[in-house]
Amino acid sequence: MKEYRGKSVHEGIAFGSVCFFDRGYTDIVRVDTAYPQIEIKRFETAVTKTVLELQELCEKAGLLVGDEKAEIFEMQKMIALDDLLAEDVKKYILDNSCNAEYALSKAANDYTARISLLEDELLRARNEDCLDVFRKILKHMSNDEAEEPVLKQPVILLATDISPGETINLDKEKVLAIVLLGGSEYSHTAILAKSLDIPCIVQTDVICPANLHGKEAGVDGKEGLFYVEPTEEIITELKEKQRQIRKRLQNLQNMVGLESRTKDGRLIRVFANIETPDDLPKVKEQDAEGIGLFRTEFLYLSRSIYPEEEEQFAVYRDVIAGMEGRPVIIRTLDIGADKTVPYLSYVKEDNPAMGMRGIRLCLAQKQLFLIQLKALLRASSYGNVSIMFPMISSVWEIQTVNELILEAKKILTEEGKNFGNPKMGIMIETPAAVVIAEELAEYADFFSIGTNDLTQYTLAADRTNPAMDIYTNPYHEAVLRLIEMTVKSGHKKGIPVGICGDLAADLTMTELFIRLGVDELSIPAGKVLSLRKKIRSLDCTEKKGKGK
Ligand code: PEP
Ligand code: MG
């Protein structure tokens with residue numbers, strides 16, 4: 001047995017075989033063939049399909065955001081059509097009488113190795129584009145249009161790191177646990193793992209992950225332990241822990257239908273965060289009182305084209321209708337930083353978390369934003385809906401948003417489409433927003449504090465960078481004071497204040513938040529009942545020397 005240690009992101013026990021995912025090339029096995037010409041043809045057909053796909057993307061992006069920015073797809077087309085690549089693949093197939101996938105994986109390694117030796121920094125930065133093109137060609141060869149990783153059976157997914165887009169595309173039924181060598185606790189991949197209720201550990205001290213592919217393993221998410229080929233003793237221990245977790249969850253069921261009210265009578269709204277409509281059954285099963293954060297950007301991730309108004313409208317409407325009158329707070333697109341999509345983020349930024357993300361991207365690409373606003377306004381007539389805006393740092397941003405909402409309503413009226421009148425919320429996740437919260441409150445029906453970003457921006461510590469972990473401390477006095485200031489400003493202006501960042505789910509903080517006056521806590525659905533139980537156990541009556 002080998003025991004590896006990582007950092008806990010989400011608790012839970014899992015057993016299964018390890019699948020090492022290294023961006024599409026792991027599952028490629030060499031297959032000998034007597035018909036190399038057929039393999040060459042398969043490769044050529046896949047390249048043609050890839051070029052067509054890229055052409056479509058290029059046209060679409062050109063229409064939506066201008067030709068200049070669609071250039072990335074032109075460039076990817078050139079990579080797909082590169083004679084050097086084609087020659088290498090064909091030669092490999094002919095010399096080795098093997099399948100096209102294997103030949104491509106070999107040629108791709110040589111290709112990216114050549115690029116990484118180039119002097120020109122810009123060209124070197126094209127490596128990711130090359131990998132993207134190779135993935136597309138592979139996808140077209142496999143007749144399987146799904147994004148990687150394609151999992152054939154339930155596995156413990158082991159990877160250096162995976163992007164939020166890749167995580168959202170995972171077949172949840174087939175991922176028993178996620179073990180990352182890199183990763184960080186507050187990254188969006190970690191957030192997804194929590195909301196999907198998949199045991200997850202990051203920064204695991206595995207050195208040669210590929211060697212573990214196919215081996216039997218066990219994961220203890222809470223302790224951050226990853227056992228490869230566990231002993232009988234460890235298996236028994238893990239099974240016992242698994243039994244206890246199940247029992248605890250079962251006991252929590254008696255919280256269903258009860259109020260989230262403290263002993264001294266404070267009623268707190270306990271809401272759930274969701275990333276996709278697939279999360280809805282869990283939200284209802286766990287009796288969340290509403291949805292406090294629907295991260296809509298997950299609709300946009302790992303797709304090749306932007307979701308159109310009709311598609312977005314249908315998704316929002318179904319979520320809203322599914323909540324049967326309970327409040328639903330939908331956040332507009334928060335793309336950028338660690339959540340990138342090929343059709344929106346074109347310019348490589350040295351410091352993306354400080355760059356074109358969230359509301360900034362939407363205001364820079366108003367036509368795209370209008371599509372989402374129209375879909376949201378239409379869907380809002382199906383229930384109790386609020387729209388909220390991420391990454392606000394200035395009053396002019398929210399004023400511009402209001403103008404765009406008016407414009408969206410005008411277009412909808414002209415198009416003869418019905419729409420509702422949702423409430424408007426502002427996410428407080430930059431220190432600037434806290435400082436000007438009273439001014440911002442003039443434009444908002446509520447505030448929702450995003451502690452993940454508030455921590456990152458207050459402490460100048462990249463939430464996705466494992467080396468920054470000791471600095472990315474949401475319990476830092478500065479962050480807690482900013483939360484307190486936000487609540488005071490919101491209440492002074494007569495609007496409620498919630499928390500939807502990860503800190504909201506930390507039960508050791510619940511009492512403090514309630515004492516500070518927080519009105520709503522929005523957390524992963526799987527934790528709703530334990531938070532309700534915690535709230536019901538608290539007595540927050542002012543006591544001398546206790547609390548804030
Ligand atoms: C936050 O920043 O706390 C938040 C809720 O938004 P996200 O994690 O999606 O950036
Ligand atoms: Mg945020």
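Glu429 is buried, because its relative accessibility is 2% and the cut-off for buried is under 20%. This is a predicted model. Glu429 sits in the loop between β13 (423–428) and α15 (431–435), while Asp453 belongs to helix α17 (residues 451–458), so the pair ties together parts 24 residues apart in sequence.

Asp453 also counts as buried, with 2% relative accessibility.

## Salt-bridge network

A network of salt bridges links Asp453 with Glu297, Arg331, Asp334, Arg357 and Arg463.

Within this group, Arg331 and Asp334 form a salt bridge, with their closest N and O atoms 3.6 Å apart. Asp334 is buried at 0% relative accessibility. Arg331 is buried too, with a relative accessible area of 3%.

## Other salt bridges

The structure holds 39 salt bridges. One of them joins Arg481 to Glu477, with 3.3 Å between the closest N and O atoms. Both residues lie in helix α18 (residues 477–492); they are four residues apart, so about one helical turn separates them. Glu477 is partly exposed, at 36% relative accessible area.

Arg5 pairs with Glu3 in a salt bridge, and the closest N and O atoms are 3.3 Å apart. Glu3 counts as partly exposed, at 40% relative accessibility.

Definitions and conventions:
Residues numbered from 1 in each chain as written. Chains lettered and ligands numbered in written order. Predicted model: local features only at pLDDT ≥ 70, side-chain atom pairs only at ≥ 80, totals over all residues. Heavy atoms only, no water. Helix = DSSP H or I, 4+ residues; strand = E, 2+ residues; numbered from the N terminus. Buried < 20%, exposed > 50% of the residue type's maximum accessible area, 1.4 Å probe, protein only. Salt bridge = Lys/Arg side-chain N within 4 Å of Asp/Glu carboxyl O.
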